[in-house]
Amino acid sequence: MKYFFILCFLSSFICVSQSSISLLFIGDIMGHGGQIEAAYNPTKDTYNYDVVFTQLREIIEKPDFAIANLEVTLAGEPFSGYPQFSSPDALARSCKQNGIDILVTANNHTCDRGGKGIKRTIEVLDRLKIPHNGSYKNQNDRALRNLMILRKEDIRIGMLNYTYGTNGLRAPNPTSVNYIDTNQMLTDIQQSRNESIDALIAIVHWGIEYQTEPNDFQKKVADFLFRNGVNIIIGGHPHVLQKVEWCKEKNQLVAYSLGNFVSNQASVNTDGGMMLEIELEKEKDVLKIKDAGYHLIWVNKPTRNNKKLFEVLPCANYPANKHIKNSAHLEKMRLFIRNARKIMSNNQNVKEINPVKLKD
């Protein structure tokens, strides 16, 4: 069951009655040119991305909150992919219709279409009633949205969003984007304490693309955030998986990179990612991470009716996935799973959910 957001002062609130809360974190939702073409219906002159999400909808809808990184702008036409993304509004609409509750917007492509792109992206998400943070129309907008609070009865979790940069482009005044600036991050963390939150999440766009190990910068930023009161750190940007570490004694978890959710990238390790499930439980006014695990996912790109499609599939269904008709595609999925497990073998206390057994 999903819940409605009510905007109030500095935060977004949601109320239900339970002593636990479940979260699902989803990686980079990208919009390359091939994806735009695949979503287009020339007969109706419309765009639809539902097929991307259909096979994962049950998993996405299950938790209390599903949160994803929107790594495109919704800047309107002309639509384009890399290097300056602008996707049809239909992409965000399909995100919502298929269970995604929240989209974070601070990443290296936030400024691809300048201030107008930042503003229009925000306006589209507002119109679709999709809560978001990470980029802002002005300072008043930042004051209102910067700290998002996820609430379930007596549980209140704060969430912040930052990026290492925006590809050399800057958000023109009065728009702004949250950057990895330790002074600003510290101020934000300190201000969050005034909101009586039980835990704090930081979603951070960082690291080196295509590297499967976190670099020193990621580790230093993670250490800084943990030392100053952040409990959960969710990373993106490398477009490949990186390890997850859950320190139960300190009630701290960092996922250095979730990898891609959907993209048109095809090089090794970029054709999939993971969705990370975290359950937190509150006992005696203390909120702790109760459980954490991940679903491996892979992007299938079949051709149907002479048209290339994009559909994200759960790896747990391999090799009996009826959606993969092409033996070469099946082998690519198998390779992704094998490589992903090597990367995630360095995890600490976080395991794959419903792992399928691969034959040698």
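Which element supplies the largest share of the lining of the second largest pocket? In this predicted model, local features were considered at pLDDT of at least 70 and side-chain atom pairs at pLDDT 80 or more, whereas totals for chains, interfaces and linings use all residues. Residues are numbered from 1 along each chain as its sequence is written, and side-chain values use heavy atoms, with hydrogens and water left out.

The largest share of that lining, 3 residues, comes from α3, where helices (H or I, at least four residues) and strands (E, at least two) are DSSP runs numbered from the N terminus. A pocket is here an open set of points on a 1 Å grid over the protein atoms alone, with protein on both sides within 12 Å along at least five of seven lines, and a cavity is a set of points where a 1.4 Å probe fits but cannot get out; lining residues have an atom within 4 Å of a point. Grid points are joined across faces, edges and corners, and a volume is the space filled by probe spheres set on the points. The second largest pocket has a volume of about 300 Å³, and of the 15 residues that line this pocket, E58, I59, H295, P314 and N354 lie nearest its centre. At least two lining residues are supplied by each of α3 (57–61) and β19 (286–300). By class, the lining comprises 5 nonpolar, 5 polar and 5 charged residues, with Ala, Val, Leu, Ile, Met, Phe, Trp, Tyr, Cys and Pro counted as nonpolar, Asp, Glu, Lys and Arg as charged, and the others, Gly among them, as polar.

Rolling a probe the size of a water molecule over the atoms shows where empty space is left. The structure holds 2 cavities of 30 Å³ or more, and about 120 Å³ of space lies in the largest cavity. Its lining is made of 18 residues, of which I26, N69, V104, I203 and G236 lie nearest the centre. Two or more residues of this lining are given by each of β3 (20–29), β6 (65–70), β11 (155–163), β13 (199–205) and β14 (232–236), and β3 gives the most, with 4 residues. The lining of the largest cavity has 11 nonpolar, 6 polar and 1 charged residues. The second largest cavity, with a volume of about 50 Å³, is lined by L70, V72, T73, T105, N107, T110, I118, T121 and S135; this lining divides into 3 nonpolar, 6 polar and no charged residues.

In helix α4 (residues 90–97), the buried residues are A90, L91, A92, S94 and C95, buried meaning under 20% relative accessible area, exposed over 50% and partly exposed in between (1.4 Å probe, protein chains only). These buried residues pack against β3, β5 (46–47), α2 (50–53), β6, β7 (102–104) and α5 (114–127), a contact being heavy atoms within 4.5 Å. In the loop between α4 and β7 lies N98, which is buried, with a relative accessible area of 3%. The side chain of N98 makes a polar contact with the side chain of D50 (3.2 Å), and a polar atom of the N98 side chain lies 2.8 Å from the backbone oxygen of S94. Such a polar contact is a pair of N or O atoms within 3.5 Å; within protein, one must be able to donate a hydrogen and the other to accept it, and residues adjacent in sequence count only if both atoms are side-chain atoms. Apart from its neighbours within four places in sequence, N98 is in contact with D50, F53, T54, R57, I60 and E61. Just after α4, G99 takes a positive phi of about 110°.

With a disulfide defined as a pair of cysteine sulfur atoms within 2.5 Å, the count comes to 0 disulfides. The sulfur of C95 is 19 Å from the closest cysteine sulfur, in C315, and is therefore too far for a bond.

Q218, placed in helix α8 (residues 216–227), counts as buried at 0% relative accessibility, and a polar contact of 2.9 Å joins its side chain to that of Q242. V312, found in strand β22 (residues 311–314), counts as buried at 1% relative accessibility. Not counting residues up to four places away in sequence, V312 touches V52, Q55, L56, F261, V262, I297, W298 and V299.
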